[in-house]
Each structure stands twice: as C-alpha cells, then as structure tokens.
Protein chains: 2
Amino acid sequence: EFYQAFVAYAGCNVVLAIAAAVLCAYVAPAAAGSGIPEVKAYLNGVDAHSILAPSTLFVKIFGSIFGVAGGFVLGKEGPMVHTGACIANLLGQGGSRKYHLTWTWLRYFKNDRDRRDLITCGAAAGVAAAFRAPVGGVLFALEEAASWWRGALLWRTFFTTAVVAVVLRGFILFCRNGNCGLFGEGGLIMFDVSSSITSYSTADLLVVLLLGVIGGLFGSLYNYLVDKVLRTYSIINEKGPHYKVLLVIIISLLTSCCSYGLPWFGSCTPCPDDLKEQCPTIGRSGNYKNFQCPPGHYNDLASLFLNTNDDAIRNLFSSGTENEFYLSSLFVFFFAIYGLGIITYGIAIPSGLFIPVILAGSSYGRLIGTLLGSICDLDPGLFALLGAASFLGGTMRMTVSICVILLELTNDLLMLPLVMLVLLISKTVADSFNKGVYDQILVLKGLPFMESHLEPYMKHLVARDVVSGPLMTFSSVEKVGNIMHVLRMTRHNGFPVIDEPPFVEAPELCGLVLRSHLVVLLNGKKFTKEKILCREGILRKFDAFDFAKAGSGKGLKVEDLDISPEEMDMYVDLHPITNSSPYTVVETMSLAKAAVLFRQLGLRHLCVVPKTPGRPPISGLLTRHDFMPEHIMDLYPHFNPRRKLSNRS
Amino acid sequence: EFYQAFVAYAGCNVVLAIAAAVLCAYVAPAAAGSGIPEVKAYLNGVDAHSILAPSTLFVKIFGSIFGVAGGFVLGKEGPMVHTGACIANLLGQGGSRKYHLTWTWLRYFKNDRDRRDLITCGAAAGVAAAFRAPVGGVLFALEEAASWWRGALLWRTFFTTAVVAVVLRGFILFCRNGNCGLFGEGGLIMFDVSSSITSYSTADLLVVLLLGVIGGLFGSLYNYLVDKVLRTYSIINEKGPHYKVLLVIIISLLTSCCSYGLPWFGSCTPCPDDLKEQCPTIGRSGNYKNFQCPPGHYNDLASLFLNTNDDAIRNLFSSGTENEFYLSSLFVFFFAIYGLGIITYGIAIPSGLFIPVILAGSSYGRLIGTLLGSICDLDPGLFALLGAASFLGGTMRMTVSICVILLELTNDLLMLPLVMLVLLISKTVADSFNKGVYDQILVLKGLPFMESHLEPYMKHLVARDVVSGPLMTFSSVEKVGNIMHVLRMTRHNGFPVIDEPPFVEAPELCGLVLRSHLVVLLNGKKFTKEKILCREGILRKFDAFDFAKAGSGKGLKVEDLDISPEEMDMYVDLHPITNSSPYTVVETMSLAKAAVLFRQLGLRHLCVVPKTPGRPPISGLLTRHDFMPEHIMDLYPHFNPRRKLSNRS
C-alpha cells in the first residue's frame, strides 16, 4: 500500500518536473533559475538577448507553477521577480510585435532609462506579490535590483507596490470563502508570529549573536556549494536539452525519495491534549500530519516534509509549540533541505532561492532554539525566524530589504532589533568568505556586470591602458561603402566621428554615432554624390520615433539593408545623428576615476581623448567590457591575486 | 485661582522660551529651526559655516529641550536629526580643537565622502531615536537626507540604526520601573494601535481617498503659509538678537493663551463607566484630563491641549473611543494647532515640523472620521492615523520613509495599503501646487542646493554659456607672488594649472589645484630661485595628512601665511599637488549633460575645455553656483517663467 503511494507521489512529481523541464529546455532556456541575477544585470545595463523576452515570461510562469507543484525544494519568489520584470518589459516595448500584441501609446518607453525604471517597478511588484510585502518590494528593488537610483524611481516603485497591495487584498477578500484553494489563507501576513512573547535578556542576546555567526558561516558555505554545483551542472546542461530534462528527472526522484522516505524515520507522537481538533491533519493543510501513525498521533517529520513549503515554514515559525518537533527530526530536515536546496538550484526549471534558504534557516534556528532551550527563554518559533534571517543575510547579503520583508511576513515589530542584529552579523561573517549568491551567479553566467565598488588595481592603471582593439572611426561626411564595411566587419555599437578638413582646419572630435542610428540613416538612403554637408535637411525624411531605441531583439539590422553598388560610392552626412558632446576622459586619467564616471552616469561608451595637442583627436573608446576584471587581468596578469599565489607556490 | 494658575503656567513657559531663545539668538543662530534642510544641504555638498559646529550641537540639544518643555507646538524630531548629524561631524573631524576634544585615530574621515557618509548615519540615527523607528531612520536618510547613495552606505546606516534600537531598548528596560520620568512608557512602539479592527469596505476606501485629497490640499497650504511666515520673520530676525527673543516671547504667550484659554470652551463629560480607574487623569499623563470639571468628569479639549504633544497624539490615535472627543473640540484643536504650528516655525528656537504636522493631521483625520462615522465603519483612531499620513505626505512629500515610520510608530501592518494610498494621493495633490517644505526652506535660506532633476531651459544652453567671472589660472611652475596675489584677491577654491613652454611644446591643461592645498604648499616654503621642475621631491617635507581636508572652519588660511618679499619672487612647482586628471567637459556640451555629470559625481569644480584645437587649453571652470537657477536667470532673463508672465501682462 505504501509502496503504491510512493509510486503515485513520485510519479506525479516526475510528470510535473518533466513538464517544467521541457518548457525550460526547449522553449526558453533563459527562464531557468532564479531570474534575479538576470534582472539585476539588465538594470545594470546588460542588454543580453532573451532575458526579458515574452517566451521567457511564458516559461517562467508555467515552469514555476509546475516546479513548485512538483515538490521541489525551490521558491516562487525569484521567478515572480523575473515575471514582474518581463511583464514590465513587454509593457515598455509597447507589446510584442512577434506575437501581435502591440500598443502604440507606449512610445514613451523608447529609451533606456524609462524602460529600466519600468522594469525596476516590475521587479518590486514581483517581491511585493510574492511575500505580500509592499515596502519590502520597494527596498528589494532599491538594495538588490537597481544599479542607479533616483528620487522619482523611489516613488514610482512605491506606487507600484501600493497597487499590488490593494489588488492582493482584493483577491484575498474575494477568496476568503475558500473558492481559490489555499490562496485566501493567512491574509496579508503570511507567517504571523506576533502573538509570542518578546522580552529578552542578555543571555538571549548572546545566543542570538552565536546564531548569527553560525548562520553566516552556513550561508557562505551554501553560496560556495551552489557555485560548485552550478559549475558541474553547466557541463551537463551544455550537452543538450535531453540531458537537462534527464537531470531534472534525477533531482525530482531524489527529492521524492527524501520527502517520502525520511518521514519513516520519524516517530509517532500523541497529539497534544488541547489540540484534538487540529491534530492530526488529514486531507488538508496543517501543522500535524498523520502519515503512517495511528489515529490521534502525528509524525513531526512528515509535518515538515509532506507539506507545502509555505506550510512547513509556518510550522517552523509557530510559537507556543516547544515540544512539537524532536531534535532529531529537525536535524534530519535541516540537512535534507540544505542539501536538496543546493542541488536543486541550477537544474532547468525556474527556481527561486528564498524559500529553500528560509526553510533551511528556520529549521536551523529552531534546532538551535531547541538545543539551547535550557539557557534561553526565547520561543523556538522566534529562533526559527532569527535562523531564517541569519541564512538570508549569509547567502543574499541584503540588509534592509530582508529585514522589512521578514517584518511584513511575520508582523513582529518587536523582534526588529534582534532581526537587524542577526542580519548584520551573518552578513559580515559571510562577506569575509565570498560574494553574495546573486553576484556569484552573475559572474558564472559571464554577464558583464559593472560593480559599484572599485578594484584596487584600477588606481594603478590609466584609461589608455585598457582601451582595446583597433579603433574604428568615421569621417563626419563618410562614404556609404566604408560605413557598410565597418558595420559588417565589427560588432561595435558606437563609433567616434571625426570632423576633417575641408570642413574644419584641423581634425577634431565631432562626436559619437550609434550603430542602430547608422542603420536607420542608411536605410533612409539620403546619400549625396559629393562630399558635402547636408546637416538637418536629412532628418526631414525621418519620423521622430525612427531613431528611438527599439525593443531588444527588434530594430533594423545591418543585414536588412539593401544598398546598391552605386550607392556604396556615395556619401552621407553623419552630423544630424552624431551625439556632438559625448562624455570624454583624458587618456592619462586614472582608470578608477574613469570607472566611476562610466558607472555613475550609466554610459555605454566613453571617449578617451589624448592629453597633448597635435595628435589624432581621439585615442580610444571605453566600453563596459574594458572595465571587466577578466579583461584587465588578461592585459595585466600581474594584478591577478590568484596568479601571484600560484607563482609563489 | 484659575488666573493665578494661568500666570504660573504662562510664566514657566515664557521663562523656558527665553532660555531657548537666548541660546539660539546669541550663541548659535544656525541652531534655530528644524535643521533637516541644513543637513540635507550639507550632504548635497554645501559646506556652509557653522551648520554642524559644536556650538550648534550644544544649542540644538538644550534649546530643543527648553522649547519642547516650554509648551510650544513644535517637535523634537528635526532637531534630533540635526543633533545626530552634528555629533557625527564632531566624531568625523576627530573632535574639536577649539574645545580641546581631539582624537587622532579618527583621521580616516579626512575626506569629503567618508565624512558625508558618517553624517548620513548620524541623521539616520536621529530619526531612529526620535521615532524609535530603526528602519524608518534608514529610509529617511535615503529618501530625504542623502543626495548620493551607495550600497555600502545603506548597510552602514542600517548598522547605525540597529545600534540605536538596541541602546534604546536597553534604556527602556532600565527605565521601566519609572525612574526616568515618561521615558520608559510606550515601549519601542510609541503609539500602538494594532488592536483595532482592520477590515474595510469600498465605501471606506472612497472616504480614505477623499481624506488624502483634502490632506494634500491642507499640506500644500501649510507649506505656502510657512513660507510666507518665514519671509516675514526673517525681516524681524534681521533686526538683531533682541528682536528674535521678543518674537519668541510673543509666540510663547500666544501659545499659552491658546492652550490654557481654549479648553474653557470645552464642556465637561462624565467619564465612561468602564474606565473609572483611568478617568479623570489628575497629576499624571493620560487620556482624560479633569481641568475645571467636577470629579468624575473630563474636559476633552484639555485632554488635547494640556498634555504633552506625544500624549495628545496618543489620545487622537486611540481606538475604541469613538465618543471621547466632541466634533467642536476637534475643530477648535485642529485650527489652533494648524495655526500655531505655522507661526511657531521660524522663531529662534530649535523646532521640528513632524510633531505639529502629525498633531494637525491626526486631529483633521479624527474630525473627518467623526463627521463621516455614519457612512464609514473605520475607527476614528485609524482615521487619525490616515489623517496624519496625509498631512505628512502633503507637507514633506516623502513616501516610503513616512510609511515605514508610521508603521513603526503604530505597529499596524494591516493598515499599510491604506497608508500607502493616502500618502501617494496627498503627495500627488500637493506636488501640483508647490515644493516640499524642506526644499522651500532651502531656497529661502539661499543654500545652493543641486537638485537631482534638471530644469528644462538647461537643454537650450551649453556649458560655455554659464561659465562666469575671469578665469584665474596658474602656470605649472608659478611665481610665489602671483599665487599669493590671486589667493588674496579672489575667493575661488580651485584653479586650473597650465603646463607651458619650455616644459611642453604647446600650452596644455596640467590639472586642477585646490586653494587649501596651495596654502599648505606655500606654508612649507619649498621654493626655488629658478623656474625649474622639482616634482615629488617637494613632498618629502610634508606629512601624509598635511593635505587632508581639515574640519570646517579649521585648516590654514591665506592670511596665516608669512611670506617674505624675497620669497615672493621665487618659484614653486605645483605639479605634486595638482590633480592631473580632473573631470572635463567640452564647451559645447549641453548644460543639462554637464549638470548630470557634476551632480552625479559630486564635483566641486568641472573644467570646461575648448572644442577646437589651437586655443588656450581651458576655457572656464564650472562650480555649483554656475548651475543655480538664480545665476542662469540673471544671465538669460528670457528663461525666467515669472518674467515672461509679467511681460505679457
């Protein structure tokens, strides 16, 4: 009988897992994983293909549903952030032309900044909806997602999450009578622990500090292991989509074995006398699962494993239930979840990191609380909360946003000082070992993320030292053939334009022209036979929005152009589309200062001009890639700390 | 008997008021007012004298105590922010040399950025302590105080406020037995309203929207009137310190008359049956004041007027007390506090704006709640909270920080969506009339604050258009006499340095040198008879910290230098102290872009270089003042919207 039950259980899980994996592997590989690093990279200025495409959105939503339903140890929070960002992107692009969903009234978002703002709002909405935490959503967007921050953005995200809160509240009221499954339960506060006692002594404080330190260690270990596992998985995943699906099936079976097999080791406990009505729980969600036990008894491990993730967290956070869980059960659960969480992230399904970390953290906290119950008066439920905080601080390294999210999750304002302390301690401890988990994933994915802090070696280099590649420049009135040649041969997106005699006395920097604008200009075919200035006359042929930034993956490409051989010998005046005052730095400027300029102003191209007069008016162009540590380490290997170590040994 | 009581009451108030006013008028005029605009300006880069001086700190602390004790309608929150910033400044300067409080181990803060970070933390600590709201403190520092924001700063302010929370909690525990007066009361939550019912219907939502709109109108009217009153007061205050003290005495008497006189119009109400123990309150702080009423009765107006501001707010926020206050009483209280709040700000005592606005807002909210009690099920106490939110949003125009501060003040997470809505509505309504109250005060004080948003006319100007004054440049090896002459004649703080033949072929921009560094270099007297390069050799004479930024008002001045006539004819090599790669813009760059660069990188000087080669290597220097609207309006009056209007009429 129990064997059949396992087959049914594992079977359902595997079917759901395969559904999620097939979507992910064949339709939109970008939808795998959390999505928060990708959103972070996009908001940093990385315009990688398909990060926020409609197909990614579709797979993210359904893959996440299948994944969570399939019983994996993963969260829906990261995917919801990504979903929010994708929806915002879709809105900001004025719909998707490919899928025949277009709005023309959304042309306001035809520039990087407004689109970025909208996507930041989308990410905030995702967090707000996932945790029912509107203020937490704003702070998450501020602390983790966004790379640039403006006052207006703060108030826009706040507005977005206020709308989310109102809509959520409407749905919860509508669903209160139970016609939407589990949705209406819990109200706006998902894990209400506000009823517990909250006075604490100095001994408690010391225990809490210890909890923070160990939580930080476990958190950084988590990051380290996730990194190792991801590197292993990427080898498997590169072999093809079949392997991806296979990997998902293996992990699904392993998870099913753990969550079905381990509760057998749990012993049956008689229900507490005062909870005869709630215990044991059969056929509905709740705290005391019956599993294999006789009536009137419950299995504490089953209450954790054979439950939704949300309910397991609620059980761990529950207060006034000191004796509900055995120490051994918590031990088993903690290690199982810690391990499963690590091996689950990185397989080809949308998988958030918040829930696994909160689960592991709260079982760890409750474990410590039960162990030290004799010297400490705090409730084990509060310990579970603090443990979750310490793990979150140790893995994700956020402070204010996690603090507010936990506050909004648990409605326990009086624990705020303790939560703040634990977060700070665990973050500090973990920061001394490695980077936050999202930053690690960014590096692993090879996304060129501009860090806000500067590397020390940047002070020893000047801008000239890292400029790479042959510089492609155009004359201000250039031959069409030359432009076409350069556009086809290189993948550069920006080209300096030089004013040359006879238009000026000596060559001088006219400005910077973008590939996308060049392609639109060439497509208009306003060419002249002679090398003459046309200035703004050219623009009459174009609409104001022709040069606006198209959605990612849209817009004209150089391959779309059809230029005849005669036209190739004609000239075109680049002045009207040249940005005539690009930001510039002198070639002898410290690379650190140039990096600050590049990052603070959110540039894509930075012109490097010579120090002394009489030389060509531009000596290079700095792009995002020139500031990446890998690029600089290639050029100057002696700055590499690892190489130094290996040389010594 | 009552006449004598009034004389005693008003007399005490006037004595305390005079104490505060004398401190403020004669010792540190900078300590008057809220202090938040000054802190905001400092963090924006305005290094105005005495804003954060030790004398200001002293007066701010004691003046605020006297002012609050003197019964004025003013808050302690703004002054506490200023106090926090002053303490941070004192710590960051390594103590005060003038008052013989110095630490040498605090040399880390000898630069603008770290000192600014420390002061931001101080401001956050002030809010955290004033409202017992650690997260609110972080957000206040982020949203209102700081002009630049970095990830590291977020986590530093968070750490600061966590320490504040722990210390506060320690004091509250220590004071719980009542040996520190009113301090221990209320715990970490100052106005706990979490017990009230929080379900609301669509009709309630409509009422709340209306509340937000009217609150926004009242808020912007408040700002308008405060502005008018401040302009009037500044005329009086300019006449001398005596007039300042006189003004304070008049306002104090007026306040005493109102708070003692108006309760006579309140009628006596029998105590509710279930509160015989708490009502009436005699000889202690509480909800039901007896005043002139017979035993067993209370005067509702006296409960509001003859109470501490905190207790009055607590009374207004109290739930389940629908019939405690008469409509007429709330009416009288609202108008009295609204008026008194407006005329109190601007007199020569430290006076915060939070408490008057919260008081007026909560009485307004309770008024609306009582008026519309028939069509709306919400508790009048919750209406008071929403009213306070609407007034705060309408005057101060903050969103997230006020929301979190109110949440931490009242511990009512379930009201969060409503509070967010009200804040957004009132802010939007008020923004269409005028600026936030702190921004208005900044303009009124003439502090050159760099706004983050750009004025539209900036797009029509280029950098060259606003460069002002004769440009003073130095040669890279300059005559001492020339330097002394320029330093004495001008008040510029930065000078471009030009490399000239014979050291280079053609003149080129060598960099930028600061006045403070020049003075230190001249003081070292490393001069040479001939015009030769010495390079770094010069620096051997100096200590690493000699060139570090001194505390405000400290550091060497040009008047302190003693240069003999022979030395005046000698030369000094400026290369070692020249910043050889200052940020530059081309003279034809749009002023808007130059302003973004200037503001985002937090510059003090921005070099403007010519577009075409063959001209002098620098054509101007932009400073903060060149970007101020007043300066630009002087140069280009046709951009002035007011002038346009008057021309037309």
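Here is a walk through the structure above, from its overall make-up to a few individual residues.

The model is a predicted one, in which local features need pLDDT of at least 70 and side-chain atom pairs count only at pLDDT 80 or more, while totals for chains, interfaces and linings use all residues. Residues are numbered from 1 along each chain as its sequence is written, chains are lettered from A and ligands numbered from 1 in the order in which they are written, and side-chain values use heavy atoms, with hydrogens and water left out.

Let's start with chain A as a whole. Its secondary structure comes to 24 helices and 12 strands; these are DSSP runs numbered from the N terminus, helices being H or I with at least four residues and strands E with at least two. Of the 649 residues in chain A, 57% count as buried. Buried here means under 20% relative accessible area, exposed means over 50%, and partly exposed lies in between, using a 1.4 Å probe and protein chains only. Contacts in chain A (heavy atoms within 4.5 Å) can also be sorted by sequence separation: of those with a separation of 6 or more, 76% are between residues 24 or more positions apart.

Now turn to chain B and look at a pair of helices. The axes of helix 1 (residues 2–27) and helix 9 (residues 241–261) of chain B come within 8 Å and cross at roughly 150°. Such axes are lines fitted to C-alpha atoms, for helices over the stretch in contact, and angles run from 0 to 180 degrees between N-to-C directions. Helix 1 and helix 9 of chain B are therefore roughly antiparallel to each other, a label for angles over 145 degrees, with under 35 counting as roughly parallel, 65 to 115 as roughly perpendicular and the rest as oblique.

Charged side chains come next. Side chains of opposite charge can pair when their charged atoms come close. Over all chains, a search of the whole structure finds 27 salt bridges, each a side-chain nitrogen of Lys or Arg within 4 Å of a carboxyl oxygen of Asp or Glu.

One of them joins A:Glu451 and A:Lys435, at 3.7 Å from N to O. A:Glu451 sits in the loop between helix 17 (437–444) and helix 18 (463–466) of chain A, and A:Lys435 in the loop between helix 16 (416–431) and helix 17, so the pair ties together parts that are 16 residues apart in sequence. A:Glu451 is partly exposed at 27% relative accessibility, and A:Lys435 is partly exposed at 38%.

In chain B, B:Asp431 and B:Lys427 form a salt bridge at 3.3 Å, N to O. They are 4 residues apart in helix 16 (residues 416–431) of chain B, and so separated by about one helical turn. B:Asp431 is partly exposed at 37%, whereas B:Lys427 is buried at 10%.

B:Arg464 and B:Glu587 also form a salt bridge, their closest N and O atoms being 3.6 Å apart. B:Arg464 lies in helix 18 (residues 463–466) of chain B and B:Glu587 in the loop between strand 10 (584–586) and helix 22 (591–600), so this pair ties together parts 123 residues apart in sequence. B:Arg464 is partly exposed at 45%, while B:Glu587 is buried at 2%.

Finally, some backbone details. A cis peptide bond joins A:Pro501 and A:Pro502, with omega about 10°, and A:Pro502 lies in the loop between strand 7 (494–499) and strand 8 (508–514) of chain A. In chain B, a cis peptide bond joins B:Pro501 and B:Pro502, with omega about 10°. B:Arg132 has a phi near 50°, a positive value in a residue other than glycine. B:Arg132 is found in the loop between helix 5 (112–131) and helix 6 (134–145) of chain B, and is buried at 12% relative accessible area.
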